[in-house]
Amino acid sequence: MKLVFAGTPEVAVPALDALIASGRHEVAAVVTRPDAPAGRGRRLVASPVAERAQEAGIEVLKPAKPRDPDFLERLREIAPDCCPVVAYGALLPRVALDVPARGWVNLHFSLLPAWRGAAPVQHALMAGDEITGASTFLIEEGLDSGPVYGTVTETVRPTDTSGDLLTRLAFAGAGLLAATMDGIEDGSLEAVPQPGEGVTLAPKITVEDARVDWTAPALRVDRVVRGCTPAPGAWTTFRGERLKLVQAVPLADRRDLAPGQLAAGKNNVYVGTGSHAVELLWVQAQGKKPMQAADWARGARITEGERVGD
C-alpha cells in the first residue's frame, strides 16, 4: 500500500522505522506537528519523526492544523491507501479521515477499550495495572473508540516508570502496526468493534495530578512517582519550594514516620506516608539538576521533625 505516516514524538519513531524497513509498503510522506521551540535558546526544532523522515528522504508535511486546505490538497494528491498514526498530537477532522481509502489506523498504547485518551501508560501505572499493551484500531471521530485490528500485551514490571514502559511498548507496537498494515493489505485482518464494557479514560496528566499526597498509602505514592516519570514529574513541596521526586521505593518494615515526616540518615532519606515509609533515592530541587536524595538532604541540612508537602 501507499502510506502517509502521522506522528510526532520520539515514541513514534520505531513504528516509522518498522514501516520503512518492511519493504512491503511505500511510505510516501510523513505528517507531523510544526517545529516547536526547545532548549534554553528556544529555537525552533523539528519533531523526532520529521528528523527521521528527512534522513530517509521522505516528504514531510507540517500543517498547523490537519484541516488546513493546503495540507488536505497535498494529501489528496498523494492519494494514500492508508494512514498509520502514532502519537500525532492533533485531532483529525472528517474531511481528512475520508481521504485514504482504507482509513487512518492508530497505534494506541493500551489494551482498548481500557485507557482511551492522551496518557494511557501513565494511567495504567498509576492504577496499578499488572498487564498493559498496545492496540491498532481504525480511527473514528470518537476518542479512541474505533474497531480494533490487533493487540500486543506487555507485563508491567515492579520498578517500571512510564518512560520505561512506553519505550518497550513503542518497539512492540511498531511490529504490531507493521503487521496490521500487512493484514489490511492482504485482507487477512478485519477490525472488530470494541466492547461496551471496560472503558476507562486516560486524560493528560496535569501538574496537580502529579503532586504526591503523603496521607495516601506508600503503594499509591510509588505508583504516582513511577507513573509521572519522566513527565510531568511527581513533586511535593519542601520549605515552600517545589521538590521533584525522581525515584522512590516503598519500605514495608518502617512505620514510625507520620505522613510527610522526613528522616535523613547518612546515606538514606525516608518520608512517612499513610501506611509505611518510602525511601527517596533521587530528587530534583527547584532550579537544580537531579541528585541523589542523600546528597540533597545533606545540603539542605534537614532538621528533626521537618516535613514535605505542607
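Helices (H or I, at least four residues) and strands (E, at least two) are DSSP runs, numbered from the N terminus. The model is predicted, so local features need pLDDT of at least 70 and side-chain atom pairs count only at pLDDT 80 or more, while totals for chains, interfaces and linings use all residues. Residues are numbered from 1 along each chain as its sequence is written, and side-chain values use heavy atoms, with hydrogens and water left out.

**View 1. Ala38 in strand S3.** Strand S3 spans residues 36-38. Ala38 has 33% relative accessibility and counts as partly exposed (buried is under 20% relative accessible area, exposed over 50%, partly exposed in between; 1.4 Å probe, protein chains only). Apart from neighbours within four places in sequence, Ala38 is in contact (heavy atoms within 4.5 Å) with Arg43 and Val45.

**View 2. The salt bridge between Asp35 and Lys62.** A salt bridge places a side-chain nitrogen of Lys or Arg within 4 Å of a carboxyl oxygen of Asp or Glu; by this rule the count comes to 17. The side chains of Asp35 and Lys62 meet at 2.7 Å, N to O. Asp35 lies in the loop between S2 and S3 and Lys62 in the loop between strand S5 (59-61) and helix H3 (69-78), so the pair ties together parts 27 residues apart in sequence.

**View 3. The salt bridge between Asp160 and Arg168.** These side chains meet at 2.8 Å, N to O. Asp160 is buried at 3% relative accessibility, and Arg168 is buried at 18%.

**View 4. The salt bridge between Asp186 and Arg24.** The N to O distance is 3.4 Å. Asp186 belongs to helix H6 and Arg24 to the loop between helix H1 (13-22) and strand S2 (26-31), 162 residues apart.
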